[in-house]
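Subject: Structure handover and notes

Dear colleague,

I am passing on the structure we spoke about, and my notes on what was found in it follow directly below. Please read them with the coordinates open beside you.

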Protein chains: 2
Amino acid sequence: MLAKYDLPELIRRVILAAAAALLVAPLALAQTDPLPSWNDTAPKAAIVAFVEKVTKEGSPEFIPEHERIAVFDNDGTLWTEHPMYTQLAFALDRVKALAPDHPEWKDTQPFKAVLEGDMKTLAASGEKGLLELIMTTHAGMTSDDFQKVVTDWLATARDPKFKRPYTELVYQPMIELLAYLRANDFKTFIVSGGGIEFVRPWAEKVYGIPPEQVVGSSIKTEFRMRDDTPTLYRLPQVNFIDDKAGKPVGINEHIGRRPIAAFGNSDGDLEMLQWTTMGGAPARFGMLVHHTDAEREYAYDRESEFGRLDKALDAAAITGWTVVDMKADWKQIFREK
Amino acid sequence: MLAKYDLPELIRRVILAAAAALLVAPLALAQTDPLPSWNDTAPKAAIVAFVEKVTKEGSPEFIPEHERIAVFDNDGTLWTEHPMYTQLAFALDRVKALAPDHPEWKDTQPFKAVLEGDMKTLAASGEKGLLELIMTTHAGMTSDDFQKVVTDWLATARDPKFKRPYTELVYQPMIELLAYLRANDFKTFIVSGGGIEFVRPWAEKVYGIPPEQVVGSSIKTEFRMRDDTPTLYRLPQVNFIDDKAGKPVGINEHIGRRPIAAFGNSDGDLEMLQWTTMGGAPARFGMLVHHTDAEREYAYDRESEFGRLDKALDAAAITGWTVVDMKADWKQIFREK
């Protein structure tokens with residue numbers, strides 16, 4: 001192909017090769033430990049082994065880049081979900097913020113319970129009460145306005161135990177895992193039981209996951225022209241619940257292909273892990289984060305009110321999903337400030 | 001920053017700069033005409049001007065890469081929609097293929113009309129009849145099975161006028177436009193009134209648009225474990241209609257941010273173009289493909305049964321959306337075989 005005396009071409013090739021060597025060397029160095037907050041225990045080894053085999057060209061388990069879809073639950077998998085889901089803390093604070101315009105709430109449940117800090121009565125209001133709380137605080141405004149409300153709240157709200165902003169209570173080992181997968185040409189998605197519009201405003205900054213790669217529960221919205229300005233108005237009606245058997249449905253609707261790796265922490269993620277790992281391509285990966293560290297975070301599983309891990313833990317033993325013991329497997333829990 | 005006598009570093013920089021120059025030169029050449037199938041008329045100039053201003057760093061209208069979302073209608077915008085939507089042709093063929101297992105269809109409308117090729121009676125069955133047709137042919141199987149049925153059908157079906165596979169009747173100028181936008185770091189999405197699972201199986205190969213960047217109408221699906229194999233089963237119930245005022249809703253649900261460019265061809269795209277261009281960022285682009293070429297394709301607008309362009313054409317005159325006159329503005333209609 002190369003003429004014998006084509007000197008300029010030869011020089012070009014030498015320069016390109018030299019540049020390539022210079023560019024690749026630092027990358028290779030940086031990749032010696034892509035998961036520094038993980039102890040050298042079984043889960044880290046399993047993650048690395050999986051990534052290496054699906055990215056190795058020519059390997060029987062090689063998976064092309066565009067099929068490297070990885071899905072992550074959010075509450076309890078990427079950030080803390082105790083003592084209550086952050087979105088619930090948001091809803092309670094919203095009730096307090098909106099209360100001056102709603103004097104009737106002083107005598108109306110479940111708002112009365114919220115205003116009096118009576119969690120027992122609130123819990124007794126059950127799913128119906130919670131739904132009313134969510135609809136009142138999440139609907140009745142445009143999507144743009146809701147995004148602003150969420151962003152403003154997260155800027156000032158603090159977790160009651162750690163006294164830190166919620167967006168700092170994300171797990172450093174999982175942040176590293178997200179980055180490691182993306183460096184290996186995975187596309188990373190959140191698949192949350194929480195509200196899609198509650199997660200989107202901050203997921204890009206905190207996790208590096210853009211809005212179009214967030215799947216979640218949603219309420220209905222309606223297109224409305226307001227004078228000459230188009231808006232999307234949030235209606236107090238459930239559109240989709242992205243939890244349990246809803247997660248594979250949400251994944252199919254949004255992503256349209258089966259993930260090759262799924263990461264969760266509770267029974268709400270069982271079907272997502274089944275859908276990802278059982279049947280289909282040869283190499284699949286399922287992982288559960290098991291909250292075992294009462295000192296650095298929380299310890300809970302089979303009896304927990306939030307993020308119960310019971311059936312999925314039994315399933316992991318049968319299916320071979322990797323179970324992370326947070327206390328033993330993670331050097332560090334939360335990300336650096 | 002650079003030590004005065006750091007020769008190795010100086011050499012490294014020179015080599016990198018040389019390599020960069022060598023790498024960039026051929027790209028710049030290739031970009032001299034990114035839209036060769038477009039005549040040098042106003043629409044091409046408007047597209048190029050828009051792309052150049054939003055990608056020019058430091059410009060007041062610069063838009064960062066992650067916000068460069070472009071949305072495309074499919075039927076009539078990216079491929080031919082006459083003499084009927086391709087998905088309807090698919091449904092009619094499916095009825096014929098399934099008929100041997102349904103002897104009762106010989107005497108039941110709207111199936112009888114389909115089997116007898118009686119389009120007039122079929123049309124008279126109205127929305128109810130069409131919905132029944134869609135549910136019968138699109139539901140009652142898993143998502144994986146449906147994908148296979150669509151793929152198999154497209155491999156053999158031929159358009160009645162052009163005698164070519166439907167996936168060859170995509171518009172060459174639009175294929176170039178998609179590629180041009182992606183080369184400028186836009187993320188391109190389909191936002192179709194058609195079925196999301198009807199478009200996904202071939203959109204990546206034909207348009208370079210992956211399944212996760214397809215938004216469309218859908219029926220409900222249900223997660224089911226069949227022995228130890230998880231499946232998604234398609235139910236005969238409408239989930240979402242991604243048309244007219246549904247398009248901004250679908251965009252928000254799937255993408256979660258407002259596009260900066262929208263491309264359509266009918267009144268079904270009116271709200272999508274409004275949502276994209278009215279209010280929000282300084283630089284937005286809206287375009288309508290106007291079917292004006294009865295010789296090379298079809299000519300239709302205000303009175304058409306499929307892809308009616310009436311209100312949106314009036315709106316274009318007021319809002320400044322670009323209107324493509326297919327006959328005058330496109331050198332070539334369909335892509336090369």
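This is a predicted model: local features need pLDDT of at least 70, side-chain atom pairs count only at pLDDT 80 or more; totals for chains, interfaces and linings use all residues.

Backbone geometry in chain A

A cis peptide bond also joins Q109(A) and P110(A), where omega is about 5 degrees, and P110(A) lies in the loop between α3 and α4 (111-115) of chain A. The loop between β1 (69-72) and α3 (86-98) of chain A also holds T77(A), which is buried, its relative accessible area being 0%. Apart from neighbours within four places in sequence, T77(A) is in contact with Y171(A), M174(A), F263(A), G264(A), N265(A), D269(A) and V289(A).

K163(A), although not a glycine, has a positive phi of about 55 degrees; K163(A) is found in the loop between α7 (143-156) and α8 (172-183) of chain A, and with a relative accessible area of 61% K163(A) is exposed. D185(A), again a residue other than glycine, has a positive phi near 65 degrees, and its place is in the loop between α8 and β2 (187-195) of chain A. At 38% relative accessibility, D185(A) counts as partly exposed.

The interface between the chains

In the model, 45 residues of chain B are in contact with 45 residues of chain A, and the area buried between the two chains is about 3800 Å², with carbon and sulfur atoms giving 57% of that area. Of the area that chain B buries against chain A, 17% is supplied by E212(B), F223(B) and E253(B), which is more than any other three residues supply.

Salt bridges

Over all chains the structure holds 38 salt bridges, and 8 salt bridges are found across the interface of chain B and chain A. In one of them, the side chains of R257(B) and E204(A) meet at 3.1 Å, N to O. Because R257(B) lies in the loop between α10 (246-254) and β5 (261-264) of chain B, while E204(A) lies in helix α9 (residues 196-207) of chain A, this pair joins two chains. R257(B) counts as buried at 13% relative accessibility, whereas E204(A) is partly exposed, with a relative accessible area of 29%.

In another salt bridge, the side chains of R257(A) and E212(B) meet at 3.2 Å, N to O. Here R257(A) lies in the loop between α10 (246-254) and β5 (261-264) of chain A and E212(B) in the loop between α9 and β3 (214-226) of chain B, so this pair, too, joins two chains. R257(A) counts as buried at 14% relative accessibility, and E212(B) counts as buried at 8%. R257(A) and E212(B) also belong to a network of salt bridges that links them with K187(A) and E204(B).

A further salt bridge is formed by the side chains of D144(A) and R258(B), at 3.4 Å, N to O. Within chain A, the side chains of E61(A) and K53(A) meet in a salt bridge at 3.7 Å, N to O; E61(A) counts as partly exposed at 25% relative accessibility, and K53(A) counts as partly exposed at 32%.

The second largest pocket

The second largest pocket has a volume of about 800 Å³ and is lined by 28 residues, of which Q147(B), T151(B), R200(B), P201(B) and W202(B) lie nearest its centre. By class, its lining has 10 nonpolar, 8 polar and 10 charged residues. In chain B, α7 (143-156) and α9 (196-207) each supply at least two residues of this lining, and α9(B) gives the most to it, with 7 residues.

One residue of strand β2 in chain B

Finally, G193(B) has its place in strand β2 (residues 187-195) of chain B and is partly exposed, with a relative accessible area of 30%. G193(B) and N74(B) are 119 residues apart in sequence but 7.9 Å apart in space, C-alpha to C-alpha. Not counting residues up to four places away in sequence, G193(B) touches D73(B), S217(B), D242(B) and K247(B).

With best regards

Terms used:
Residues are numbered from 1 along each chain as its sequence is written. Chains are lettered from A and ligands numbered from 1 in the order in which they are written. Side-chain values use heavy atoms; hydrogens and water are left out. On a 1 Å grid over the protein atoms alone, a cavity is a set of points where a 1.4 Å probe fits but cannot get out, and a pocket is an open set with protein on both sides within 12 Å along at least five of seven lines; lining residues have an atom within 4 Å of a point. Grid points are joined across faces, edges and corners, and a volume is the space filled by probe spheres set on the points. Helices (H or I, at least four residues) and strands (E, at least two) are DSSP runs, numbered from the N terminus. Ala, Val, Leu, Ile, Met, Phe, Trp, Tyr, Cys and Pro count as nonpolar, Asp, Glu, Lys and Arg as charged, and the others, Gly among them, as polar. A salt bridge is a side-chain nitrogen of Lys or Arg within 4 Å of a carboxyl oxygen of Asp or Glu. Buried means under 20% relative accessible area, exposed over 50%, partly exposed in between (1.4 Å probe, protein chains only). Contact means heavy atoms within 4.5 Å. Buried area is the accessible area (1.4 Å probe) that two parts lose on being put together, summed over both.
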